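Here is a short briefing on one protein model. Look over the sequence and the structure first, then read on by topic.

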Amino acid sequence: MIRLIGSDGVFQTAIFLDHLLGRGSGSQLLLTGRYYTSDLFFMGTTLDPGSQSQGDGGARMLTFHLRKSWSRFGPRLGRIALLEVPREEYTAGISIDETSSVTFDTPNILVGTSRGVVPHLSRDHCSSADAIRWINVPFESFMEQTPPIPMLQTGPDPLRTFLGFDKRKHIVSLCLRDPMDTREMPPNGNTYVSALCVRGVRKVTLSEWREYAYKLKPDIVFALSDTPFTAPPYSQKRVTKSIERSVSWLADMLRPLKSSVPSCSPSVSGRLSQHPLNVFVNMAGGTSIPAREVFAHSLAEELHGPDLEAVRPIKRLDDGVVGYSFHLATLRGSVPKPLGPHRRNQPNDVFQLESPNMLQDTGKLIEVPTPGHGEVPTSSPLPSSFAESPVPSDTASLLQASLRQLPEGKPRLVTGVRSPHEILKLIRDVGVDIFEADLAIAAANVGVALDFVFPLPPDHGPLEECKKKDVGHNLYDHVYARQYGRLSDCLAGAAESQSQFPTSLPICPCIACSPRSPASHVYHSKVDVQSYEETDRNGKVMYGPPRSRGYLHHLLHTHEMSAHTMLVAHNLAVLDRFLSGVRDLFLGGDGDDTGEGEGKITRFAVEVNRFESVYDESMEVLRMARKCWHKVDLARGKGRLGREKEKQALIEARGVSGG
């Protein structure tokens with residue numbers, strides 16, 4: 001129920017949503033907000049002090065500890081923790097007890113959402129899945145209304161309360177644009193970014209984005225970045241403007257509020273920045289190594305004069321940043337797609353590109369006209385030829401160029417990886433800590449159950465005739481119609497006995513491989529008590545047999561939504577176990593002395609080569625699955641009866657001619 005009450009040019013909106021967060025019958029969530037007939041958001045050098053959340057009882061600090069690191073650009077192990085810090089301890093610089101924090105080890109995964117929802121999964125699924133720890137919310141999907149609906153949520157934790165994620169388990173980050181959406185967009189301006197929602201393109205200004213970040217209080221916020229979403233190649237002028245805008249927009253995000261917000265004391269253990277927001281910055285520069293080096297230098301150099309006064313108390317932009325992000329989808333050698341429907345729960349073409357290492361060719365630059373906006377000054381001169389340098393053959397050189405001048409002790413995040421092989425290479429050659437799990441969701445969209453593990457067991461090798469294994473199973477294929485085994489050959493279900501396997505297998509905890517019943521029966525009335533005995537379960541979780549490939553094949557062909565739910569949960573668990581195997585390989589032994597560290601790096605390189613020799617990196621199984629998905633979708637989609645009549649007429653015509 002929505003009620004609009006107007007008085008003296010002020011509108012109050014009250015939205016009552018029943019069962020929004022899976023609560024019991026009759027529960028209601030009250031979202032209230034108010035906006036004025038005058039502009040709610042405004043440009044300027046100050047932000048409305050009222051944008052700070054009501055009832056603010058403290059702050060969240062993101063910490064990152066490097067547990068093991070042997071080189072600047074090599075495999076490394078870390079631990080990310082999000083700490084709840086009371087306001088008095090936050091300002092005083094007192095060390096915080098990490099027992100009340102969200103923690104997880106790296107390398108690990110980040111899960112993207114659509115309108116704040118992990119595709120195909122409910123809130124209960126997200127809470128029960130061990131693989132889901134960091135959830136990213138692209139805010140552009142809420143931009144169809146003014147103000148965006150999440151801005152109407154009140155309370156000390158608006159974004160998390162609105163979306164219903166558990167603060168004891170999940171880190172929730174906020175970005176403006178979906179990093180996996182590479183559709184062609186109108187150009188950005190000096191003071192706004194073009195965002196895409198269901199009602200078209202919206203211009204989001206810098207002050208609006210600050211307003212959203214301070215009001216919604218996400219655990220992590222991504223600073224705006226001027227990423228071109230037009231057809232490559234890009235001129236030197238466009239690349240220069242991209243760097244200048246990105247630096248300027250980051251400085252704007254790091255400006256303190258008009259009502260001074262106390263910055264965190266550097267004495268707090270593990271604190272990554274001196275800013276009240278946990279800000280990640282996208283490393284700009286495109287496919288030009290000199291351009292990336294210039295952007296990194298802009299972050300690391302010490303500020304002076306008006307630039308320093310604008311962002312005090314930090315002395316350089318990097319002091320206000322907690323981590324670095326890289327969006328590989330914008331570096332691929334593909335022309336941006338025209339505007340059209342884009343949903344994370346629909347098959348995408350990310351795996352149809354030429355090769356995992358194909359990048360835009362900036363060696364042949366042409367001058368492309370750009371909008372006539374005023375130039376934004378930067379604190380360092382830009383080389384006149386940085387857009388004309390040769391393009392490296394892989395992404396590792398680009399990422400290394402961005403990180404070479406910056407401190408090692410901050411997390412590195414990558415989106416847009418297209419295969420487990422690429423994940424291993426980025427760990428080996430760059431030392432990436434966090435990967436977005438769009439690979440797992442994209443595979444589930446087309447009915448593929450991932451099936452790979454790292455490191456490979458000794459008995460795992462290529463198939464006969466040296467044919468490489470697929471990284472998953474295309475369950476749309478009719479070959480699986482009568483297969484009653486579990487989804488993965490590399491992982492076992494919790495209810496299965498390990499004695500039936502030649503070697504012990506890791507457990508897949510997903511809802512498809514290890515379906516479980518609650519520790520106690522759910523009683524809907526007093527009569528139900530008589531139906532069960534107290535000793536039925538004894539407070540233990542009961543695991544059932546794993547769901548079979550044939551069962552999911554049936555669900556996919558009948559368009560049952562539960563099939564994609566189980567596949568997403570399974571694929572995320574496989575990817576989580578995959579990265580857990582990477583961490584376990586380096587954690588074996590004490591690993592303190594240099595010699596043993598070098599030995600582990602050598603072993604890791606050997607295992608990566610084994611993985612590449614066994615599993616198919618071209619991801620052919622996903623291309624075949626997409627074709628099967630399209631056929632099944634046509635068989636039950638719009639115009640189905642007409643196509644069936646044509647097919648039947650063709651069969652009858654062939655029968656008559658054959659007779």
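Is the crossing of α10 and α12 right-handed or left-handed? It is right-handed; a crossing is left-handed if the near helix is turned anticlockwise from the far one by less than a right angle, and right-handed if clockwise.

This is a predicted model, in which local features need pLDDT of at least 70, side-chain atom pairs count only at pLDDT 80 or more, and totals for chains, interfaces and linings use all residues. Residues are numbered from 1 along each chain as its sequence is written, and side-chain values use heavy atoms, with hydrogens and water left out. Helices (H or I, at least four residues) and strands (E, at least two) are DSSP runs, numbered from the N terminus.

**The barrel**

- Eight strands form a closed barrel in the order β7-β8-β9-β12-β13-β14-β15-β16, with parallel pairing. Neighbouring strands of this sheet are turned by 25° against each other on average, direction ignored. Axes here are lines fitted to C-alpha atoms, for helices over the stretch in contact, and angles run from 0 to 180 degrees between N-to-C directions.
- Two strands count as paired if DSSP finds at least two bridges between them. Strands of a sheet pair through backbone hydrogen bonds, either parallel or antiparallel.
- Strand β15 (residues 412-415) pairs with strand β16 (residues 434-436) in the parallel sense, over two bridges. Leu413 has Ile434 of β16 as its bridge partner.
- Strand β16 also pairs with β7 in the parallel sense, this time over three bridges. Here Leu110 stands opposite Glu436.

- Strand β7 covers residues 108-112, and five of its five residues are buried. Buried means under 20% relative accessible area, exposed means over 50%, and partly exposed lies in between (1.4 Å probe, protein chains only).
- Strand β8 (residues 134-138) runs parallel to β7, and two bridges join them. Val111 stands opposite Ile135 in β8.
- From β7 the chain passes through helix α2 (residues 123-128) to β8, in a right-handed β-α-β crossover. A crossover is right-handed if, with the strands pointing away from the viewer, the path from the first strand over the helix to the second runs clockwise.

- Helix α10 is mostly covered, with eight of its eight residues buried. They are Asp438, Leu439, Ala440, Ile441, Ala442, Ala443, Ala444 and Asn445.
- Two packed helices are described by the angle between their axes and the distance between the axes. The axes of α10 and helix α12 (residues 561-587) come within 8 Å and cross at roughly 150°. On the α10 side, the contact is made by Ala440, Ile441, Ala443, Ala444 and Asn445. On the α12 side, His564, Leu567, Val568, Asn571, Leu572 and Leu575 take part. Contact means heavy atoms within 4.5 Å.
- Ala442 lies in α10 (residues 438-445). Ala442 counts as buried because its relative accessibility is 6%.
- Ala442 and Val568 are 126 residues apart in sequence, yet 8.7 Å apart in space, C-alpha to C-alpha.
- Gly447 follows α10 and has a positive phi, near 80°.

**Backbone exceptions**

- Most residues other than glycine have a negative phi, and most peptide bonds are trans.
- Arg115 has a positive phi, near 55°. Arg115 sits in the loop between β7 and α2. With a relative accessible area of 36%, Arg115 is partly exposed.
- Lys217 has a positive phi of about 55°. Lys217 lies in the loop between α4 (206-216) and β12 (220-222). At 17% relative accessibility, Lys217 is buried.
- The peptide bond from Thr146 to Pro147 is cis, with omega near -5°. Pro147 is in the loop between β8 and α3 (158-163).
- The bond from Phe454 to Pro455 is cis, with omega near -10°. Pro455 is in the loop between β17 (448-450) and β18 (472-474).

**Cysteines**

- How many disulfides does a search of the whole structure find? The search finds zero. A disulfide is a pair of cysteine sulfur atoms within 2.5 Å.
- Cys126 is buried, at a relative accessible area of 0%. Cys490 is buried as well, at 5%.
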